[in-house]
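Work through the exercises below with the sequence and the structure open. Each task is followed by a solution in steps.

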Amino acid sequence: MKAVNGVKSRTVGWEALAFVALLTLILGYAFGTGYLPVRFFDSGDWRSADYWSGHRVQMIDHLLWSGQLNGLTKPQVIYLLGPETETSYFSEFDFVYSLGPERGFFSIDSEWLVINFDENGVVSTYQIVRD
């Protein structure tokens with residue numbers, strides 16, 4: 001350490017450079033794979049988003065984290081998310097919503113929100129799946 005005007009100072013060491021490099025790698029990976037930025041869920045934006053916009057993929061994590069689907073009935077889910085996506089995929093689920101191209105450097109598949117209801121018509125399970 002060098003003393004400047006009686007105060008000890010320390011030059012930036014390898015620890016700080018390693019921390020900055022690691023942070024840069026983490027953020028670069030997150031943005032590159034599509035896991036950032038995360039958008040807040042907005043029902044209107046969700047319903048108007050097209051497949052290629054990526055808006056649904058960006059909002060899905062916030063929707064799931066918020067628990068907004070918990071305890072909803074079928075009409076409430078339709079009110080919140082709009083009509084389900086018509087597809088022959090995932091016929092074992094009650095509702096299927098297209099999210100868009102999968103997150104990652106190579107988006108070969110699509111991501112989907114799938115929802116099942118219990119015998120009372122209330123959301124019992126939901127998850128993200130890929131085709």
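**Exercise 1: Trp46 and the cores**

Beyond its neighbours within four places in sequence, Trp46 is in contact with Phe41, Arg56, Met59, Ile60, Leu63, Leu81, Tyr97, Leu99 and Leu113, where contact means heavy atoms within 4.5 Å. The model is predicted: local features need pLDDT of at least 70, side-chain atom pairs count only at pLDDT 80 or more, and totals for chains, interfaces and linings use all residues. Residues are numbered from 1 along each chain as its sequence is written, and side-chain values use heavy atoms, with hydrogens and water left out.

Task: State which residues of the largest nonpolar core touch the most other members, and which elements supply the core.

Solution. 
- Step 1. Apply the terms. A nonpolar core is a set of buried Ala, Val, Leu, Ile, Met, Phe, Trp, Tyr and Cys residues joined through side-chain atoms within 4.5 Å. Buried means under 20% relative accessible area, exposed over 50%, and partly exposed in between (1.4 Å probe, protein chains only).
- Step 2. The largest core has 18 residues, and Trp46, Leu63, Val77, Leu81, Leu113 and Ile115 touch the most other members.
- Step 3. At least two residues of this core come from each of H3, H4, E3 and E4. Helices (H or I, at least four residues) and strands (E, at least two) are DSSP runs, numbered from the N terminus.
- Step 4. H3 gives the largest share, four residues.
- Step 5. A second, separate core has six residues, including Phe90, Val96, Trp112 and Val129.
- Step 6. In soluble globular proteins, nonpolar side chains tend to be buried together.

**Exercise 2: the sheet and its helices**

Solution. 
- Step 1. E4 (residues 110-117) pairs with E5 over seven bridges, and Ile115 stands opposite Tyr126 in E5.

**Exercise 3: salt bridges**

Task: Find the partners in the three salt bridges of the structure.

Solution. 
- Step 1. A salt bridge is a side-chain nitrogen of Lys or Arg within 4 Å of a carboxyl oxygen of Asp or Glu.
- Step 2. Asp45 meets Arg39 at 3.9 Å, N to O. Asp45 is partly exposed at 33% relative accessible area, and Arg39 is partly exposed at 27%.
- Step 3. Glu102 pairs with Arg130, the closest N and O atoms being 3.1 Å apart. Glu102 lies in the loop between E3 and E4 and Arg130 in strand E5, so the pair ties together parts 28 residues apart in sequence.
- Step 4. Arg130 also pairs with Glu111, at 3.6 Å between the closest N and O atoms. Glu111 is in strand E4, 19 residues from Arg130.
- Step 5. Shared partners join Glu102, Glu111 and Arg130 into one network of salt bridges. Glu111 is buried at 0% relative accessible area, and Glu102 is buried at 12%, whereas Arg130 is partly exposed at 41%.

Conventions:
Two strands pair if DSSP finds at least two bridges between them.
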